[in-house]
Structures are given as structure tokens and as C-alpha cells.
Amino acid sequence: DAVFSTELDRLRSMIDSIDEELLEGIAKRMRLIERVGNYKRDNNITIFQPQRLSEIRETRTNFGKKLKLEEEFIRKILKDLHDESIRFQTEILYSSKSAKQAE
């Protein structure tokens with residue numbers, strides 16, 4: 001029926017908008033990760049920081065729980081974000097080393 005379809009379309013449009021906001025937030029986060037990676041490279045700091053990971057897991061999981069999100073769901077998202085952060089910082093580190101070796 002037309003009313004059902006219109007309401008469903010409206011709700012889906014709202015979801016699409018939120019998805020775009022989420023992706024924009026992740027892109028913004030990755031730009032900051034790039035700065036972190038450059039800082040770590042320039043200051044000879046290891047990429048993986050276990051204490052920081054523990055802090056992120058605890059604070060974000062607690063925040064997500066307050067928002068009524070399932071803990072396992074939050075942990076999956078955090079793992080994916082962290083894995084991508086490590087991958088990107090590693091890329092920064094090795095691309096810089098390759099450039100220095102080429103000189």
C-alpha cells in the first residue's frame with residue numbers, strides 16, 4: 001500500500017543519512033589516525049599501544065552500553081576500527097621508510 005511504502009521510504013532515507021554521517025565520522029577519524037601515524041613515525045613510537053587499546057575498549061564499551069548497544073556488537077566495531085588504524089599507521093611507517101631508502 002502507498003502509505004506503507006512512503007513511510008518505509010522515509011525511514012530508509014533517514015537510515016541512509018545516518019549511514020553517511022557514520023562514514024564521514026570514520027573518514028574524519030582516519031585523517032586523525034594519519035596524523036597520529038606521522039607523529040609516531042617522527043618520534044620513533046611503536047604503532048601498537050596496548051594500554052591505549054585497553055582504554056578504548058573500556059571507555060567505548062561502557063559508552064555503548066549506556067546507549068543500549070550490545071557489548072559484542074561494540075567490540076566488533078572497535079576491533080575493525082583498531083585493525084584499520086594499525087594497518088594505516090603501518091602503511092605510513094613503511095611508505096616513509098621506503099622513501100628514505102630511495103634517497
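Q: Which residues gather in a patch of negative charge on the surface?
A: This is a predicted model, so keep that in mind throughout. The patch holds D16, D19, E20, E21 and E24.

Q: How many residues does α1 have, and what is its reach from first C-alpha to last?
A: Compare the span with the expected one. At 1.5 Å a residue, 60 Å is expected for this helix. α1 has 41 residues and reaches 60 Å, close to that expectation.

Q: Which residues of α1 are buried?
A: Use the cut-off. Buried means under 20% relative accessible area. In α1, the buried residues are M30, I33, G37 and K40.

Q: Is T6 buried or exposed?
A: Exposed means over 50% relative accessible area. T6 has 53%, so T6 counts as exposed. T6 is also found in helix α1.

Q: What separation do the C-alpha atoms of T6 and V36 have?
A: Look at the chain and the space together. T6 and V36 are 30 residues apart along the chain. Their C-alpha atoms are separated by 45 Å.

Q: Which residue with a positive phi follows α1?
A: Go to N44. Its phi is near 55°.

Q: How many salt bridges does a search of the whole structure find?
A: For a salt bridge, look for a side-chain nitrogen of Lys or Arg within 4 Å of a carboxyl oxygen of Asp or Glu. The search finds 8. Let us take some of them in turn.

Q: Which residue forms a salt bridge with R52?
A: The partner is E55. The closest N and O atoms are 3.0 Å apart.

Q: Why can residues three or four places apart in an α-helix point the same way?
A: An α-helix has 3.6 residues a turn, so residues at that spacing point the same way. Now apply the idea. R52 and E55 are 3 residues apart in helix α2, which means that about one helical turn separates them. R52 has 41% relative accessibility and counts as partly exposed. E55 is partly exposed as well, at 39%.

Q: What is the distance between the closest N and O atoms in the salt bridge of D83 with K79?
A: They are 2.6 Å apart. D83 and K79 sit 4 residues apart in helix α3, so about one helical turn lies between them. K79 is partly exposed, with a relative accessible area of 48%. D83, at 36%, counts as partly exposed.

Q: Which residues do salt bridges that share partners join into one network?
A: Look for a residue that turns up in more than one pair. Here K65, E71 and R75 are joined into one network.

Q: Where is L67 placed?
A: L67 is in the loop between α2 and α3. Helix α2 covers 50–66, and helix α3 covers 71–102.

Definitions and conventions: Residues are numbered from 1 along each chain as its sequence is written. This is a predicted model: local features need pLDDT of at least 70, side-chain atom pairs count only at pLDDT 80 or more; totals for chains, interfaces and linings use all residues. Side-chain values use heavy atoms; hydrogens and water are left out. Helices (H or I, at least four residues) and strands (E, at least two) are DSSP runs, numbered from the N terminus. Patches are made of residues with over 30% relative accessible area and no salt bridge: like charges are joined within 9 Å, nonpolar side chains (Val, Leu, Ile, Met, Phe, Trp, Tyr) within 5 Å. Accessible areas come from the Shrake-Rupley method with a 1.4 Å probe; for residues, only the protein chains shown count as cover. Lys and Arg count as positive and Asp and Glu as negative; His and the chain ends are not counted. The place of a charge is taken as NZ of Lys, CZ of Arg, CG of Asp or CD of Glu. The expected span of a helix is 1.5 Å times one less than its number of residues. Buried means under 20% relative accessible area, exposed over 50%, partly exposed in between (1.4 Å probe, protein chains only).
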